[in-house]
Amino acid sequence: MTEQTYLANGNEVQLFEQAYRQRLPVMLTGPTGCGKTRLVEHMGLLLARPVVTISCHDDLTSSDLVGRFIVTGGDVVWTDGPLTRAVKAGAICYLDEVVEARHDSLAVLHSLTDHRRTLYLDRAGEVVQAPENFMLVCSYNPAYRSSLKELKPSFRQRFVTLPMDYLRADREAEVIVAEAGIDPAAAERLVRCATAIRTADEAFHYEPPSTRVLVTAAHLIAAGASELDAAQACVLAPLSSDGAISEGLREVAAAGLAGADSQSPNR
Ligand SMILES: Nc1ncnc2c1ncn2[C@@H]1O[C@H](COP(=O)(O)OP(=O)(O)O)[C@@H](O)[C@H]1O
Ligand SMILES: [Mg+2]
């Protein structure tokens, strides 16, 4: 097993811990692949709490969260859902992409996110008081702007919100080196390439390349791929669903990688 590291972007680790100590729920916002899941895993280790992750989607029902009666061999038995299990275990329950879930499925969270810290299992006739070490964490990517998928302001205001973003260039390169073990200069070039696209993105309207795709590209480079091929396959190609990337964007990316194949150390 490899040890996972988390490089902080600001004071999010302290704020997360302070929220935990005060038994407050946390909402992480930020673009895909910027480290939200990694932060939650890191905090689980730091606070010595297990993490129960639930990926939200629009078919998710409140029964999927809290549990349901299941027929087994003629008997009807109540089976706790992942949220109930997390509450009972005093875990960190992480609802990933919470904006994907329907509002009525999330209503069950209300009594957990205020002073009550209580989960009402109406069907089972059970009331579960959350232990001190239970924490609810949600995340979503505010860049996916769709009128159908918006969290209600009243829901958002129940959480301590920690806005996350890509790391500063030198820190992002550090992450890439730590994750994939490539040469720091190559990591810097990948970050330059991504930064150039992120900056140009205003004009191109793509979801910008994330730290995740840079780490993936770095893994290919570590396996012997050229930087240009790796950037092509991992950074550029996923930008558009039909693979049609404008020549302008290709040039922007290639300019970021400039110097890739020179062995000259004077850079
Ligand atoms: N701050 C960070 N520290 C360490 N690794 C990071 C960080 N941010 C991103 N990464 C890398 O990027 C990958 C994607 O991050 P992840 O937490 O899964 O993103 P998100 O949950 O925001 O979509 C991680 O697996 C890790 O390799
Ligand atoms: Mg994630």
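Analyst: By class, the shell around ligand 1 has 7 polar, 6 nonpolar and 4 charged residues. This is a predicted model. Of the 17 residues around ligand 1, G35, K36, T37, R38 and R212 come nearest.

Which helices each supply at least two residues of this shell? They are helix 2, helix 8 (169–180) and helix 10 (211–222). Now think in domains. The shell draws at least three residues from domain 1 (12–163). Domain 2 (169–256) also gives at least three.

Stay with helix 2 for a moment. E41 lies in this helix. A buried residue would need 20 or more. Leaving out residues up to four places away in sequence, E41 touches Q4 and V51. P131 is another matter. E41 and P131 are 90 residues apart in sequence, and their C-alpha atoms are 20 Å apart in space.

The largest nonpolar core has 39 residues. I92, C93, V98, V137 and C138 have the most contacts inside it. Helix 2 (36–46) is among the elements that give two or more residues to this core. Others include helix 1 (12–21), strand 1 (26–29) and strand 5 (92–96). Strand 8 brings the largest share, 5 residues. Take V98 as an example. Not counting residues up to four places away in sequence, V98 touches C56, C138, S139, Y140 and L151. There is also a second, separate core, with 30 residues. Y166, L190, V191 and A194 are among them.

Now step back to the whole chain. The protein has 12 helices and 9 strands. Its C-alpha trace spans about 70 × 40 × 35 Å along the principal axes. Of its 267 residues, 36% are buried. Consider the contacts between residues at least 6 apart in sequence. Among these, 71% join residues at least 24 apart.

How far does the predictor's confidence reach? The mean pLDDT of the protein is 91, and 92% of its residues reach 70 or more. The end of the chain needs care in reading. Over residues 262–267, pLDDT stays under 50. For that stretch the model has 2 contacts beyond four places in sequence.

Definitions and conventions. Residues numbered from 1 in each chain as written. Chains lettered and ligands numbered in written order. Predicted model: local features only at pLDDT ≥ 70, side-chain atom pairs only at ≥ 80, totals over all residues. Helix = DSSP H or I, 4+ residues; strand = E, 2+ residues; numbered from the N terminus. Buried ≥ 20, exposed ≤ 12 C-beta atoms within 10 Å, placed from the backbone. Contact = placed C-beta atoms within 7 Å. Core = buried A, V, L, I, M, F, W, Y, C linked by C-beta atoms within 7 Å. Near = placed C-beta within 6 Å. Nonpolar A, V, L, I, M, F, W, Y, C, P; charged D, E, K, R; others polar. Domains from an automatic or database assignment. pLDDT = per-residue confidence, 0-100.
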